[in-house]
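Open the model in a viewer and keep the sequence panel beside it. Each stop below says what to select and what is there.

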Amino acid sequence: MPFARCSLAALLVVLLNASITFAQVTFKTSSYSAGDLGSSSIAFGDFNNDGLIDMVSVNATTLSFYKGMGAGKFAAPVNATLPQYMGQVVAADLNGDGKLDLLIAPGSSASYANVLEFLGNGDGTFTEINTNLAGMGTGSYLALADFNGDHIPDLVISSCYQWTCGINLLLGNGDGTFRSSATLAYGGAQVVAGDFNADGYQDIAAIENTQLVVYLGDGKGNFQSPLLATINTVQSLAVGDFYNDRIQSLAVLSSVSNGSQPASFYVSTVQYANGALVVSTPQLVNLNSASDVFYGFIAAGDLNGDFIDDVVVTGSTFFTNSSVANNGYMLGTGTGSFQSLVNVTGDGESDPLPLVRDLNLDSRHDIGTAWTGTLGNSGGAYVLLNTNAATNCAPPRPNKLRIHICAPTAGQTVGQTFTFKGAGNAFNGIAKRMELWIDGKKIGQNLSDQLNVTTSLTRGAHRAEFVVVDSFDNSRSAAVSFTSSY
């Protein structure tokens with residue numbers, strides 16, 4: 001009988017774990033109309049310095065600012081004029097005045113070829129400045145990171161002109177201007193930044209046709225010779241911790257043409273190991289490989305609160321018979337693979353360049369994307385608020401780089417084993433990493449705005465220091481004293 005009770009208990013644990021692992025994430029959706037034609041991208045940030053996350057969208061002829069109202073809700077947009085058909089928008093404090101600025105790339109249909117720079121006024125409005133940030137042509141993509149160790153946002157522009165494609169690296173001067181630093185021979189499509197070899201320096205990954213290219217940085221604005229991996233037609237890239245090893249890797253969305261049949265779409269993960277790029281076995285995204293779907297973009301983040309990065313895929317109806325964009329998510333396993341696609345509601349005929357971020361400060365990661373309506377005749381921003389993921393620690397407001405410590409509390413007495421919980425938020429970019437230090441020794445980290453580390457403690461008084469690091473390697477810390485007694 002005791003053996004039978006033990007087996008039943010073990011079975012219940014297995015079933016409970018399985019239910020947690022495979023539980024679907026639910027979302028509350030909201031659509032915001034820009035009052036303009038098709039939208040190409042969005043950005044999040046506290047653009048009016050009120051401690052709430054706001055949103056901007058780039059539309060066919062306008063830039064929309066949606067004031068954050070709290071709880072993941074946004075006001076109707078206030079619009080400003082843009083050149084026609086601009087593309088990706090990214091946000092950061094480019095001139096160090098404590099106000100978020102914007103860089104906007106020319107889209108594939110744009111007649112204007114330069115990247116536009118708008119300095120924020122701190123109230124949700126922006127002033128365009130002329131810095132002549134030229135790429136190689138229209139259809140450009142952007143990424144921001146600190147590539148030379150001065151904590152100032154630097155810019156990479158990936159673009160093509162006629163048959164020549166590549167990447168331009170421009171180092172930030174800290175006053176809103178940039179200086180040309182390097183031209184890299186491969187690129188042309190989407191570009192992202194991350195530390196793929198875990199040396200503490202930012203690297204670059206980009207798409208060129210059927211190739212994935214990675215340039216490893218040296219922290220001084222220089223890069224090694226390109227590392228190349230041939231993958232079927234690459235659609236999009238995302239950066240995350242897909243192997244649960246606290247090292248950034250890549251998720252790659254790719255497609256294979258099936259002749260007259262709809263294309264098949266796949267997700268692979270790519271690690272840097274022993275001087276080369278290691279590509280996982282491609283995993284089919286389509287729920288039915290013969291179904292009429294098109295996926296164009298991928299983003300990454302922890303959607304279900306298990307501290308393993310997941311992926312979001314969004315698409316369009318331009319090449320399908322569907323009336324709504326094909327969107328979904330795939331939960332990560334921590335081994336470089338993902339669970340099967342779960343569909344989520346789309347909006348309009350195209351939902352480009354999704355982002356994952358906690359928009360309502362509940363420690364659950366939400367999804368945002370631009371959207372384009374029927375035949376490009378409308379557009380705006382689309383928000384999916386996560387309603388059921390596991391929670392850890394509510395983050396602080398995003399108007400500065402800061403930390404909220406949830407466990408332990410000051411003076412608390414804990415046992416021999418304890419789980420430390422904290423959350424960070426950033427004004428400039430995102431909180432990309434959280435670290436835990438106890439008595440001056442680094443114990444663990446999460447590549448996220450959330451920290452959850454369980455460790456064993458010796459008896460006595462201790463000091464726990466929580467550190468948050470933003471997109472440009474600025475850091476802040478907060479500490480709490482506690483006692484371990486057992």
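Buried here means under 20% relative accessible area, exposed over 50%, and partly exposed in between, with a 1.4 Å probe and protein chains only. By that rule, select Phe147: with a relative accessible area of 2%, Phe147 is buried.

Before going on, note that this is a predicted model, in which local features need pLDDT of at least 70 and side-chain atom pairs count only at pLDDT 80 or more, while totals for chains, interfaces and linings use all residues. Residues are numbered from 1 along each chain as its sequence is written, and side-chain values use heavy atoms, with hydrogens and water left out.

**Aromatic pairs**

Rings of Phe, Tyr and Trp (its six-membered ring) pair if their centres lie within 6.5 Å; planes under 30 degrees apart are stacked, over 60 edge-to-face, and the rest tilted. The count comes to 11 aromatic pairs. Strands are DSSP runs of E of at least two residues, and helices are runs of H or I of at least four, numbered from the N terminus. Phe223 is also buried, at a relative accessible area of 19%.

Next, select Phe418 and Phe420, whose rings have centres 5.1 Å apart and planes at 85°, so they too form an edge-to-face pair. Phe418 is buried at 13% relative accessible area, and Phe420 is buried at 0%. Then show Tyr32, Phe44, Tyr66 and Phe74, which ring pairs link into a cluster.

Select strand S25 (295-301) and strand S28 (342-344), the edge strands, each pairing on one side only. They belong to an open sheet of 4 strands in the order S25-S26-S27-S28, with antiparallel pairing; two strands pair if DSSP finds at least two bridges between them.

Move to strand S26 (residues 310-315), which pairs with S25 in the antiparallel sense over 6 bridges. Tyr295 has Gly315 as its bridge partner in S26, and Gly301 stands opposite Asp310. On to strand S27 (residues 327-330), joined to S26 by 3 bridges and antiparallel to it; here Val311 has Met330 as its bridge partner.

How many residues of S26 are buried? The count is 6 of the 6, so S26 is largely enclosed by the rest of the structure. Asp310, Val312 and Thr314 point one way from the strand, and Val311, Val313 and Gly315 the other way.

**A pocket and a cavity**

On a 1 Å grid over the protein atoms alone, a cavity is a set of points where a 1.4 Å probe fits but cannot get out; a pocket is an open set with protein on both sides within 12 Å along at least five of seven lines, and lining residues have an atom within 4 Å of a point.

Select Ser40, Gly107, Ser108, Tyr141 and Phe297, which lie nearest the centre of the largest pocket among its 37 lining residues. S8 (86-92), S20 (234-240) and S25 each supply at least two residues of this lining, and S8 gives the most, with 3.

Last, select Asp241, Arg246, Asp302, Phe307, Ile308, Asp309, Asn446, Leu447 and Ser448, which line the second largest cavity.
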